[in-house]
Amino acid sequence: MRKSHPLRRVVLATAATVSGVVLLLSLKPASDPSAAAAGAAPQQTAAAQESPQGGSAAAGSGTVDGNVVQTQYGNVQVRLTVADGKITKADAVQAPKGGTSDQKTALSVPKLNQEAVAAQSARIDSVSGATYTSTGYKKSLQSAIDKMKAGAGSSKSGGSSGGSGSGSSQASGGAARAKTVTGKLVQTDYGPVQVRITVSNGKITKADAVQAPKGGLSDQKTALSVPKLNQEAVAAGSAKIDSVSGATYTSTGYKQSLQSALDQAGG
């Protein structure tokens, strides 16, 4: 009986060793998924942080402030409202004030704002009698446009890293939102007027008079009024625009045709 005790001890020791090995092997795979999950969590967080920066929703949209430009009569600074890379609104958040500067600012800034939206660039005419303000405005406008383009470029490069499929769908979606609509032909005492507009995302981005009175004095009145009416249509985004002095019939016909084009465009 005493000789059997050592054998039993060997058997028990062997069984304990085997059980320990089996236990270790069973615990090891369970620890790996948790480690993998812990390693994956920071990567997912980083991806979530990066995705808004590269997203297309903010690309070319929002407001941009140009540089403050010093003039002999005061500071000028332009702020742009941008949608899908297009200037939809321009404002002078700073302009010369005091004395005659108030009159010159009131005269020039609205015109400069309209021209900035219509031209979609800083290549606009200076307003007569407000040369310094106009020059400062154009410099600040150009800096705002440069910032707008730089921001849109970085957004596009970030979005392209996500794959060419998403980029092509965004481009096709942008094209689908833009359309050209021609208003009805309106007869006036001096000739027909007809307006064509380009609309993108519910905003007028371009307006043209495809027909306007011609011949004699009508040529001068058309040349005087139509560019202003085009600019005002884009700036206002509606047919609620002022008539041009000295071209009442053309202005009235323009607004009627513009309204019919907006009605067709759904806005």
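About 40 Å³ of space lies in the largest cavity, where a cavity is a set of points on a 1 Å grid over the protein atoms alone at which a 1.4 Å probe fits but cannot get out. To find that cavity, select Ala-83, Asp-84, Lys-86, Thr-88, Ser-200, Asn-201, Lys-203 and Thr-205, which line it; lining residues have an atom within 4 Å of a point. Strand E4 (86-94) and strand E8 (203-211) each give two or more residues to this lining. Strands here are DSSP runs of E with at least two residues, and helices are runs of H or I with at least four. Color the cavity lining by class and you'll get one nonpolar, four polar and three charged residues.

A quick note on what you're looking at: this is a predicted model, where local features need pLDDT of at least 70, side-chain atom pairs count only at pLDDT 80 or more, and totals for chains, interfaces and linings use all residues. Residues are numbered from 1 along each chain as its sequence is written, and side-chain values use heavy atoms, leaving out hydrogens and water.

Next, select helix H2 (100-119) and helix H5 (217-236), the elements that give two or more residues to the lining of the second largest pocket. Among the residues lining that pocket are Leu-107, Pro-110, Leu-224 and Pro-227.

Now zoom out and show the whole chain as a cartoon. You'll have six helices and eight strands to trace, in the order α-β-β-β-β-α-α-α-β-β-β-β-α-α.

Notes
On a 1 Å grid over the protein atoms alone, a cavity is a set of points where a 1.4 Å probe fits but cannot get out, and a pocket is an open set with protein on both sides within 12 Å along at least five of seven lines; lining residues have an atom within 4 Å of a point. Grid points are joined across faces, edges and corners, and a volume is the space filled by probe spheres set on the points. Ala, Val, Leu, Ile, Met, Phe, Trp, Tyr, Cys and Pro count as nonpolar, Asp, Glu, Lys and Arg as charged, and the others, Gly among them, as polar.
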